[in-house]
Amino acid sequence: MPESRTSADGGMETSYGFREVPSGEKQGLVNDVFHKVARRYDIMNDVMSMGMHRAWKDAMVAALNPRKEPGYKVLDVAGGTGDIAFRIVEASNRMAHATVLDINGSMLGVGSERAEKKKLSDNLTFIEANAEDLPFEAGSFDAYTIAFGIRNVPRIDVALAEAFRVLKRGGRLLVLEFSEVDMPLLDKVYEAWSFNAIPRFGKAITGDAEPYQYLVESIRKFPNQENFAEMIRKAGFSRVTYTSYTGGIAALHSGWKL
């Protein structure tokens, strides 16, 4: 069924929401979505998470606990607007350096503007590149973070392998993503909210419901907590764990390169 979740064996490569698209076409379609919503990305996340994404992101950075010392380097992927990177830099007492990588130039433009306003530009580098082909040498970073972006990567296994490659030994992977609700009743309430309310709010906010329809469908297609944890293990990571937030609406996955 088009609506069924993919497994640890993959399946997101040709899944544009509930539509099957030819191999190689998904990335362009996803890029169009984020070009459309770049200026309203925070509002989009508020709508999709009922405002909870801010608390989940704070929890993610608290779990990372970035070192408060010069030379600590983080790669934040699909983080164009800077939400996670800003938090990491501040949590390190402005000692960490965060490289923000995104395939979408519109998102990066928003992040760069925000960094200047927050006077964080010296701690940040913005790079337009693909998560499946990172332009860095092996062993470059102490941590790799990605929040609400991994499900939009066509070849998730390739992106995870790249994460493993660019991390130093002892480096940590943290992935925050929408996941499978595991509480009775909440699952039905959340599904009704997602498929009925979110596209309507999206149309009211941006004039276009289609990007939001894709995003809620992509959430429904993404592997559940245990299946995604298995994908992280297959990429070579050790001590793989996950923590579900708000009944499983989102989950934080962690792995170490040992």
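Which hand does the crossing of α3 and α4 have, left or right? The legends below get to that, working from a predicted model.

**View 1. The whole chain, with its 9 helices and 9 strands.** Start here to get your bearings in this predicted model. The radius of gyration of the chain is 17 Å, close to the 18 Å that the globule rule gives for 258 residues, so the chain is as compact as a globular protein of that length. Laid along its principal axes, the C-alpha trace spans about 45 × 40 × 35 Å.

**View 2. An open sheet of 7 strands.** The edges belong to β5 (124-128) and β8 (238-245), each of which pairs on one side only. On average, neighbouring strands of this sheet are turned by 15° against each other, direction ignored.

View 3. If you want one spot to look at, pick Leu75: its bridge partner in β4 is Thr99.

**View 4. Helix α6 lying across the sheet strands β3, β6 and β7.** The helix covers residues 156-166, while β6 is 141-147 and β7 is 167-178. Against β7, helix α6 runs at about 145°.

**View 5. Helices α3 and α4 crossing.** Take α3 as residues 53-64 and α4 as residues 83-91; their axes come within 10 Å and cross at roughly 45°. The two helices are therefore oblique to each other. Back to the opening question: the crossing of α3 and α4 is right-handed. On the α3 side, the contact is made by His53, Arg54, Lys57, Asp58, Met60, Val61 and Leu64. Facing them from α4 are Asp83, Ile84, Arg87, Ile88 and Ala91. Sorted by class, the residues of this α3 and α4 contact come out as 6 nonpolar, 1 polar and 5 charged.

**View 6. Helix α6 again, this time packed with helix α9.** Helix α9 is residues 225-234, and its axis sits 9 Å from that of α6, with an angle of about 50° between the two. That makes α6 oblique to α9. The crossing of α6 and α9 is right-handed. From α6, the contact uses Ile156, Asp157 and Leu160; from α9, it uses Phe228, Met231 and Ile232. By class, the contact of α6 with α9 has 5 nonpolar residues, no polar ones and 1 charged.

Note on methods
Residues numbered from 1 in each chain as written. Predicted model: local features only at pLDDT ≥ 70, side-chain atom pairs only at ≥ 80, totals over all residues. Heavy atoms only, no water. Pairing = 2+ DSSP bridges. Helix = DSSP H or I, 4+ residues; strand = E, 2+ residues; numbered from the N terminus. Axes fitted to C-alpha atoms, helices over the stretch in contact; angles between N-to-C directions. Contact = heavy atoms within 4.5 Å. Parallel < 35°, antiparallel > 145°, perpendicular 65-115°, else oblique. Left-handed = near helix turned anticlockwise from the far one by under 90°. Nonpolar A, V, L, I, M, F, W, Y, C, P; charged D, E, K, R; others polar. Rg over C-alpha atoms; globule rule 2.2 N^0.38 Å.
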